[in-house]
Amino acid sequence: MKTEERPKELKSDSLFVNLGPQHPSTHGVLRVGLTIEGELITKAVPDIGYLHRGTEKLAEVRGYHHCVVLTDRWDYVSAMPNNLVFCLAAEKLMGLKIPPRANYLRVLMCELNRIASHLLFFGTYGIDIGAFTPFLYAFREREMVLDLFEMCCGARLTYNYIRLGGVMADVSEEWTAKTKEFLGYFKPRLDEYDTLLSFNPIFLARTKEVGKISPQEAVNWALSGPNLRGSGILYDVRKSDPYSSYEEFDFQVPLGKEGSCWDRYFCRILEMRESLRICEQALKALPPGETMATGVAKIPKPAPGEAYAHVEGSRGDLGIYLVSDGQASPYRIHVRAPSFMNLAILEKILVGNKVSDVIAILGSIDIVLGEVDR
């Protein structure tokens, strides 16, 4: 074709689009400033801070026991690991030895909470992509887990169950029986999820080749949790730096292959299977004995010093740096929040993708803004 016969290319101007801060797909108050040319994204800037409450500063004027309450408000859909990581750091400062039964109950609650959190992701991610039915299935099962939490600690969201020195209360035989019943019920449901969504051709087309993160990028951006493992990097705090008796449990760490949205999604599905295995082992081998360490002061005043603890939360490597000056309140507390770290890579992986893929990519990162802003 001669040059003069070629059709002229359509001219496209840059357009700035505000996604959020109030938008169903951001799953909270997040704003992403998008610059687009035609359908392609040329720049993406996550804008956070809409949910900032200053919880790290608040902790400096509260007692150690009261700080556990603050942790419930970070990742509020998976608060058990929040409780745990603060207690682990404070217990290091206090030199407390946790009874084996309390450790097993901590593991059990954290894995049930991981299941509940991943169910929330599964249901809402389906809606993000246009599939509503999985949401109904996911919330049906998630309610059962929340019922179990309510049964043991009276709360369905902000548990305050894991305490300095152990746990709030022992579980009853009725609770144990209900939990076993749930685990037996839930295992075949995971196969239904795969049929409903995981291998749905439309879902695969929307997620399989989208939002890829290479292993090198995942490490360089300090990703953790399923976002890191979806890119094939084997790192899980429960294996690399075991805590609360995790070294006594047999479980696998699922990995993705290509770092796509689908890989990150499917890692979470597989992790629910592994959490089931851990829960079954914990119930089977639940040691008898006390659920609270001896010598836990009503108003703890740890000796001056510093401690760091981290756990594998539902969204990744959740860490606490805690400093004591010997007073009744922490001198300083800093949180390594996995959602905050994982969010940063959005400005890189959104660029070059189409506007229609933004929601698929954002949803696959699975952030909780309460943890991002704190």
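**Exercise 1.** How far apart are the mean positions of the positive and negative charges of the protein?

*Solution.* The structure is a predicted model. Begin with the charges themselves: the protein carries 43 positive and 47 negative ones.

**Exercise 2.** Determine whether the radius of gyration of the protein agrees with that of a compact globule.

*Solution.* The chain has 374 residues, and for this number a compact globule would have a radius of gyration near 21 Å. The value for the protein is 22 Å, which agrees. For the extent along the principal axes, consider the box filled by the C-alpha atoms, which is roughly 90 × 45 × 35 Å.

**Exercise 3.** Describe the secondary structure, the burial and the contacts of the protein.

*Solution.* First, the secondary structure consists of 15 helices and ten strands. Second, 56% of the 374 residues are buried, where buried means under 20% relative accessible area. Third, consider contacts between residues at least 6 apart in sequence: 72% of these join residues at least 24 apart.

**Exercise 4.** Which residues have the most contacts inside the largest nonpolar core?

*Solution.* The largest nonpolar core has 105 residues, and Tyr161 and Tyr265 have the most contacts inside it. Helix 4 (residues 100–129) gives this core its largest share, 14 residues. Now examine Tyr265, leaving aside its neighbours within four places in sequence: its contacts include Phe121, Phe122 and Tyr125. Tyr193, Leu197, Ser198 and Phe203 are also in contact with Tyr265.

Note on methods
Residues numbered from 1 in each chain as written. Predicted model: local features only at pLDDT ≥ 70, side-chain atom pairs only at ≥ 80, totals over all residues. Heavy atoms only, no water. Helix = DSSP H or I, 4+ residues; strand = E, 2+ residues; numbered from the N terminus. Rg over C-alpha atoms; globule rule 2.2 N^0.38 Å. Buried < 20%, exposed > 50% of the residue type's maximum accessible area, 1.4 Å probe, protein only. Contact = heavy atoms within 4.5 Å. Lys, Arg positive; Asp, Glu negative; His and termini not counted. Charge placed at Lys NZ, Arg CZ, Asp CG, Glu CD. Core = buried A, V, L, I, M, F, W, Y, C linked by side-chain atoms within 4.5 Å.
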